[in-house]
Amino acid sequence: MGVEISQVFKQFGHVPVLKGVDLSIADGELVALLGASGSGKTTLLRILAGLDWPQAGAVAVDGDDWLALRPQERQVGFVFQHYALFPHMSVFDNVAFGLTIRPRDRRPDKADIGRRVTELLELVQMGDFGARYPAQLSGGQRQRVALARALAIEPKMLLLDEPFGALDARIRKELRRWLRRLHDQLGMTTVFVTHDQEEAFELADRVVVMGEGVIEQVGTPDEIYERPASPFVARFLGGVNEIAAELSNGHVLVPGADTSRLGRMALGDGRAILFVRPQEIDLTREAGGAAHIQDIVSSGATIRYDIALPGTDKPVEVELPRGAEVVPLLARGDAVRLDIRRGRVFHPPTRSASTGEGARTAVAAH
């Protein structure tokens, strides 16, 4: 089912949490709402579920006014971070619950419920656990049961709120790969909330980056990683150096660095900020160079260099593979040149009422 969210505004008290959000979700798409706490992502998910209502805006699903429907009329499956299983019920009864409480005229008979629950437990790889109770399951197993319960009502849309947040890293990785395979098998429109960039990028067809009640960027994981639309997105993705630069006739100039591989930018002259990841920089020893190595840290397969660069308040981080030819030649205190292979260039932001980031222009440089 296709979803159209138009100019949705929501505030709690005097605090706006959604500031006129627009978003389209295609039928059968798996979309991640990615953002930090307070970005509005969970509120948007709850509005889709019917657990919250906006003060303004519209939500249409397959052309129907979604906001005119009560939660039970929307036929959505909702999976919470902390499972929300009934501890006094067996796994079988937990999954069957949504079917057994239906009005009598829409309630399947006992045999049909049994078949449906058995099929779902097999689908989520919990077929042998129907007689157990939640306390007898691991965290990952409980989340699979919670998902089976959400699917039991044959929802039109699946909504997941930080579904793996309470699990350890290894189990999270296993479950998200499993969930992606399950989604491909079912083809159901799915929206999930996460603050975990790796989780969003691995699972989603498209990622919606949210910040302070607005959508900062929508795109495929590759589009967002390669071409962040704003300084906010570039910073949110993390692991990036911010280097003061000058733009002159479309060329990016950084003292102590070779930026020739960036090519010409379609930007006006003036001050700029170059966002570049540690893996996108090479180092060359250069006697008398403006930059020098402050520190060297080994992290197994890679070596991290902290580089003092003129005009920067904090060291520029550079990561090179341990097998790189230049690695054995470099030592603390050496003068070096930064060879920047690629980066993203933004003019310094001016203030904006909507996001605080202001007017900005980005170019993906290669």
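Predicted model: local features only at pLDDT ≥ 70, side-chain atom pairs only at ≥ 80, totals over all residues.
**Entry 1: salt bridges overall**

I began with the charged side chains. Side chains of opposite charge can pair when their charged atoms come close. How many salt bridges does the structure hold? I found 23. I then picked a few to look at one by one.

**Entry 2: Arg46 and Asp52**

My first stop was Asp52, which forms a salt bridge with Arg46. The closest N and O atoms of this pair are 3.0 Å apart. Is Asp52 buried or exposed? Asp52 has a relative accessible area of 14%, and since the cut-off for buried is under 20%, I noted Asp52 as buried. Arg46 comes out at 29% relative accessibility, so I wrote it down as partly exposed.

**Entry 3: Arg261 and Asp282**

Next I looked up Arg261, which forms a salt bridge with Asp282. Here the closest N and O atoms lie 3.4 Å apart. Where do the two residues sit? Arg261 is in the loop between strand 13 (257-258) and strand 14 (270-276), while Asp282 belongs to strand 15 (residues 281-285). The pair therefore ties together parts that are 21 residues apart in sequence. I also checked accessibility: Arg261 is partly exposed at 43%, and Asp282 is partly exposed at 26%.

**Entry 4: Arg337 and Asp339**

I went on to Arg337 and Asp339, whose side chains meet in a salt bridge with an N to O distance of 2.8 Å. Arg337 is partly exposed, with 24% relative accessibility. Asp339 is buried, and its relative accessible area is 9%.

After these pairs I turned to a group.

**Entry 5: helix 3 against helix 4**

I left the charges and turned to a helix pair. Helix 3 (residues 91-100) packs with helix 4 (residues 110-123) at an angle of about 125 degrees. Their axes are 10 Å apart. An angle of 65 to 115 degrees would count as roughly perpendicular and one over 145 as roughly antiparallel, so I put helix 3 and helix 4 down as oblique to each other. Their crossing is right-handed.

Who makes the contact? From helix 3 I noted Val91, Phe92, Val95, Ala96, Leu99 and Thr100. From helix 4 I noted Ile113, Gly114, Arg116, Val117, Thr118, Leu120 and Leu121. Sorted by type, the residues of this contact are nine nonpolar, three polar and one charged.

Terms used:
Residues numbered from 1 in each chain as written. Heavy atoms only, no water. Salt bridge = Lys/Arg side-chain N within 4 Å of Asp/Glu carboxyl O. Buried < 20%, exposed > 50% of the residue type's maximum accessible area, 1.4 Å probe, protein only. Helix = DSSP H or I, 4+ residues; strand = E, 2+ residues; numbered from the N terminus. Axes fitted to C-alpha atoms, helices over the stretch in contact; angles between N-to-C directions. Parallel < 35°, antiparallel > 145°, perpendicular 65-115°, else oblique. Left-handed = near helix turned anticlockwise from the far one by under 90°. Contact = heavy atoms within 4.5 Å. Nonpolar A, V, L, I, M, F, W, Y, C, P; charged D, E, K, R; others polar.
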